[in-house]
Amino acid sequence: MFEAPIRQPLILGDKKFADVSNEICSPIENKPTKAWWFGFTLSFVCLMALVITLFWTVWTGIGTWGINKSVMWGWDITNFVFWIGIGHAGTLISAILLLFRQKWRLSINRSAEAMTIFAVMCAAIFPLFHMGRVWVGPYWALPLPNAFGSLWVNFNSPLLWDVFAISTYFSVSLLFWYLGLIPDIATIRDRAKTKARKFWYGIFAMGWNGSARTWHRYEVVSLILAGISTPLVLSVHTIVSMDFATSVIPGWHTTIFPPYFVAGAIFSGFGMVLTLLVIARSTMKLENYITIGHLEAMTKIVMLTGSMVGLAYITEFFIAWYSGVEYEQYAFLNRATGPYWWAYATMMFCNLVAPQVFWFKWCRTTPWFIFFMSIIVNIGMWFERFVIIVTSLHRDYLPSSWVMYGPTWVEVGMFVGTMGLFFTFFFLFSKFLPVINMAEVKVILKSKE
Amino acid sequence: MLRKNLIIGVYKEPDKLIDGVIKLRKQGIEVFDCFTPFPVHNLDREMGIKRTRLTVGAFICGSLGFLSGLVLQFGMMVFDWPMNIGGKPDSYLMLPSMVPVTFELTILFTAFGMGILFFYKSRMLHGVREDILDIRQTDDTLLLTVEADKLNGNKQDVLEILKNTGAIDIRDHIRQH
């Protein structure tokens with residue numbers, strides 16, 4: 001195959017196959033560093049905040065949250081949509097970029113998929129506990145026969161579609177991730193020097209031996225899984241957006257929501273991937289695998305999807321005016337100039353204006369700046385969901401029921417706690433599993449970008 | 001695999017391994033299997049592996065998911081206990097509302113059906129003892145194996161081809177019980 005001479009190699013440092021195994025396995029086979037312990041402890045402390053706040057919520061009730069009438073969805077659903085969105089980058093990288101044959105995905109797909117799984121776990125906590133009596137949750141949310149005879153769940157409700165979408169998304173992502181891990185787990189098994197490691201990795205390697213026949217099936221399965229994960233990931237956020245779009249609340253009742261949410265999800269997901277990988281590549285010494293070229297490619301996606309989201313904000317505004325519906329017009333005017341204007345301004349700045357810096361090469365290739373920008377993106381996308389949810393709800397059709405909303409310590413604690421959950425799992429992942437797909441990276445050692 | 005008598009060619013380069021496979025098959029010698037730490041492009045084709053029918057299995061599982069999605073929703077919402085919530089339809093007219101759940105179940109059944117078929121066909125299960133010929137075959141070493149018992153006295157040819165195509169080592173694996 002012809003490769004243009006100006007293209008950079010995907011993996012730097014002129015690695016041999018054995019170098020890849022040695023370098024990627026070293027965090028697993030050696031004692032964790034001080035930085036790892038520091039990060040893990042900090043995350044674990046935050047995770048405890050989740051335990052405490054969830055306990056308090058269940059013990060006392062949803063009244064411990066700041067939500068009220070008419071703001072019945074507050075930080076909880078904001079956080080839910082925020083985390084689900086973050087998950088989307090993992091599937092995008094591993095599935096959509098596989099279909100497009102983008103080889104640069106191979107050194108980042110493993111950690112992005114792990115991120116997907118942890119993010120979906122964080123997301124699921126919020127609607128589950130928002131139901132109040134979480135212990136009867138399955139009884140309400142799943143189509144189970146129940147005590148009232150055969151009174152089933154309501155399949156006309158987008159909230160139920162969400163139950164199916166999120167659980168399918170989680171389980172299919174987990175399968176995809178695990179399937180990709182098997183050859184690497186087998187590598188660790190065969191390198192293992194301790195009995196415990198040989199045993200545990202042996203169990204999860206499922207007897208993998210790298211036979212060409214298995215690889216043949218494996219590649220077919222990966223391709224089909226990628227093929228079905230692509231519409232899946234688009235459907236998940238589409239359905240999340242329908243939680244809003246099928247209602248008759250001004251500000252929510254818009255047909256642009258599905259594509260706009262999907263673009264936003266990819267945008268925020270890449271923001272979080274960048275946050276994690278910029279740190280991981282320097283602390284775990286992976287600069288040769290996750291190169292500046294990788295970061296640059298991701299920043300381009302951030303800029304593209306950020307602009308798409310920005311376009312959606314403006315289109316929404318225009319359509320609100322063009323619709324001639326005064327409630328719709330007021331909802332948008334209130335969003336931008338009402339008491340929550342600061343949230344709207346933050347959203348606009350972080351999602352539409354700030355990512356435009358990536359037109360400049362320096363901004364796309366300077367890791368510390370990319371890290372800084374990724375935090376901006378995370379903040380911006382959290383505010384987007386806050387703006388959509390709270391500003392649409394806080395002013396009802398009836399001015400006498402207009403209220404303001406602010407979170408209580410329980411809601412803040414829950415959000416910090418899910419951050420803790422997410423990072424605790426990520427640190428454990430980076431200690432016990434290879435953060436880079438060794439088998440696939442070995443294929444592209446000599447490839448150019 | 002360990003129960004067969006094998007001749008093993010040990011390679012370090014995927015290109016050379018493929019070269020070995022091509023030359024062996026030109027001589028009419030079938031390759032038993034290759035073991036590689038990573039997927040080698042075109043190796044399956046050169047070895048003459050038939051394309052897997054897992055895709056057919058995936059389609060059947062997907063169709064099953066599609067049907068079960070429709071049966072589930074029609075059964076519950078239309079036949080068993082129609083519910084009028086907010087005036088939304090509870091007859092066949094609610095078909096558009098059934099799209100998301102049907103779609104998700106199609107995906108779910110396809111993915112897991114195919115995953116299970118893959119593990120079944122590859123005889124993979126948690127706790128299965130691996131039968132590996134070389135501890136580095138999942139690391140940086142590629143193995144080409146030929147069944148010694150099926151050779152009609154042309155073992156010398158095999159050794160010659162393996163050597164000439166750049167195998168760094170050639171071993172005999174004696175059947176184990």
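**Close-up 1. Helix 6 of chain A gives the most to the lining of the largest cavity, supplying four residues.** The model is predicted; local features need pLDDT of at least 70, side-chain atom pairs count only at pLDDT 80 or more, and totals for chains, interfaces and linings use all residues. Residues are numbered from 1 along each chain as its sequence is written, chains are lettered from A in the order in which they are written, and side-chain values use heavy atoms, with hydrogens and water left out. Helices are DSSP runs of H or I of at least four residues, numbered from the N terminus.

**Close-up 2. The largest cavity holds about 140 Å³ of space.** Its lining has 14 residues, of which Glu113(A), Phe176(A), Gly180(A), Asn437(A) and Glu440(A) are the closest to the centre. Two or more lining residues come from each of helix 3 (75–99), helix 4 (109–130), helix 6 (158–191) and helix 8 (212–245) of chain A. A cavity is a set of points on a 1 Å grid over the protein atoms alone where a 1.4 Å probe fits but cannot get out, and lining residues have an atom within 4 Å of a point. Grid points are joined across faces, edges and corners, and a volume is the space filled by probe spheres set on the points.

**Close-up 3. The second largest cavity has a volume of about 50 Å³.** Thr91(A), Ser94(A), Glu113(A), Thr116(A), Ile117(A), Ser173(A), Phe176(A) and Trp177(A) line this cavity. At least two of the lining residues come from each of helix 3, helix 4 and helix 6 of chain A.

Technical notes
1 Å grid on protein atoms, 1.4 Å probe; cavity = no way out; pocket = protein on both sides within 12 Å on 5 of 7 lines; lining within 4 Å.
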